[in-house]
Amino acid sequence: MRYISTRGAVSDTALSDAIAAGLAPDGGLYVPRELPHLSSSVFDGATTLPEVARRLLAPFFAGDPLADALPELCAQAYAFDAPLRATRDPATFALELFHGPTAAFKDFGARFLAACAARLRGESRTRTVLVATSGDTGAAVAAAFHRRPGFRVVILYPDGLVSPRQAHPLGCFGANVSALRVAGAFDDCQRLVKQAFADAELRRRAPLLSANSISLARLLPQLAYYAHSALMFQRAHGATLSFAVPTGNLGNAFACLLARAVGLPIADVILATNANRTLPDFLDSGEYRGRASVATLANAMDVGDPSNAERLRWLYADRAQLTAAVRADWVDDATIRARIRDGETRYGPAWCPHTACAVEVVERLRRNGDRAHWAVVATAHPAKFDTVVEPLVGHAVPAPPALAEMLARPSHADPLAADCTALRERLLSAS
Ligand SMILES: *Cc1c(COP(=O)(O)O)cnc(C)c1O
């Protein structure tokens, strides 16, 4: 399999090179040159997540130096489950993606990326994994690269705009991980990272590795839990599952759409955003307008100009295809609160604010008579957002053990101005 850029000026790149580069040289995002087709028989006899992942990813890795390592990469990335849980509503399920070390779905992609990067590390110089995060990415990437020889991690996050339980883990690793709290919003952090990656002189002196959700090494492994849950559901119930995916930068939801496009038994897909409604507006009007982000309770989705929208426009050639393939709806903070408040009574589990957006869009479909089997994608453990969730559900939500352990450690982050010179100095001073 070879990879091309969404912007068309790059037409023949190996997967490993695409992973090492992050962004394509023409500024576009890497996508497969052609889509493989996986018939259901490819998965005959596969029951576990790592096994489904291995078979699913094989065509994407074919011919690449990483292909032989695929079983090992899958073993490292899928070392914990992504269970599809029944809820009190017989037609609604929760795909729980928060059983990894940092209690959010980003653990899957981050661990896969770290395993790939460790395999590909040719040169002896230390690579800096530079990552902008609105919360969960940074912790997942830090956990995945912590104490890996040959790598250091620099995390940028918007100071004061992520929950204490999201911020604390970013600064608790130490060793090869440093956290910088930026005086700005998530979009500023993302801009700083983009500027650093565009700075050839900086990259020569301090080699960088992209860990944001544009990386194919994060995108591709995310297909696996959709494939696994959809296949297991079909085997158990003889029915096709639909997915409601909380969406910010569109990485996780795009993986779901790509899984369906390569042949997995997935029915409908609906994107759920918070008040950052760029994607629902795009699907309504056909016109893509990125904008500044606004702060919401579901802060890991506070993205006004989702990077992966470019991949969406690549996958669906025209508006008719796009609107036939995917729906989107947005949810305000008051409604996020309402869905968290009544979540346990209606469904059983407590929801994190991001998952609550997906629950709401499914409820809107139900009110219009929809009886499909929906999997609400539970992107983070509710205990990560204790300050929002606990007052609404009226009791403490205990942190899972790995998160509790991180919260018990001391944590430190240095301040950084939202300014590319300041970041440059910081990256060079410690390299
Ligand atoms: C990152 C994140 C999202 C959004 O995922 P994207 O891939 O950026 O669309 C949703 N929920 C949680 C908890 C997250 O951490």
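## Contacts with the ligand

Start at Thr 379: one of its polar side-chain atoms lies 2.8 Å from a nitrogen atom of the ligand. Keep in mind that this is a predicted model, so every distance here is computed from predicted positions.

A backbone N or O atom of Asn 249 lies 2.8 Å from one oxygen atom of the ligand, and a polar backbone atom of Gly 251 is 3.1 Å from an oxygen atom of the ligand. How much of the ligand's exposed area does the protein bury? Taken alone, the ligand exposes 380 Å², and the protein buries 97% of that.

## The surroundings

So where does the ligand sit? Look in the largest cavity. There are 14 residues around the ligand, and Lys 106, Asp 136, Gly 248, Asn 249 and Thr 379 come nearest.

## Salt bridges

Now step back from the ligand. Across the whole structure, a search turns up 27 salt bridges. One of them joins the side chains of Arg 85 and Glu 96, with 3.1 Å from N to O. This pair links distant parts of the chain, as its two residues are eleven apart. Arg 85 belongs to strand β3, which covers residues 84-86, while Glu 96 belongs to strand β4, residues 92-96.

Methods
Residues numbered from 1 in each chain as written. Predicted model: local features only at pLDDT ≥ 70, side-chain atom pairs only at ≥ 80, totals over all residues. Heavy atoms only, no water. Near = heavy atom within 4 Å. Polar contact = N/O pair within 3.5 Å; in protein donor to acceptor, adjacent residues only side chain to side chain. Areas by Shrake-Rupley, 256 points an atom, 1.4 Å probe, with all protein chains shown as cover. 1 Å grid on protein atoms, 1.4 Å probe; cavity = no way out; pocket = protein on both sides within 12 Å on 5 of 7 lines; lining within 4 Å. Sits in = over half its atoms within 2 Å of the grid points. Salt bridge = Lys/Arg side-chain N within 4 Å of Asp/Glu carboxyl O. Helix = DSSP H or I, 4+ residues; strand = E, 2+ residues; numbered from the N terminus.
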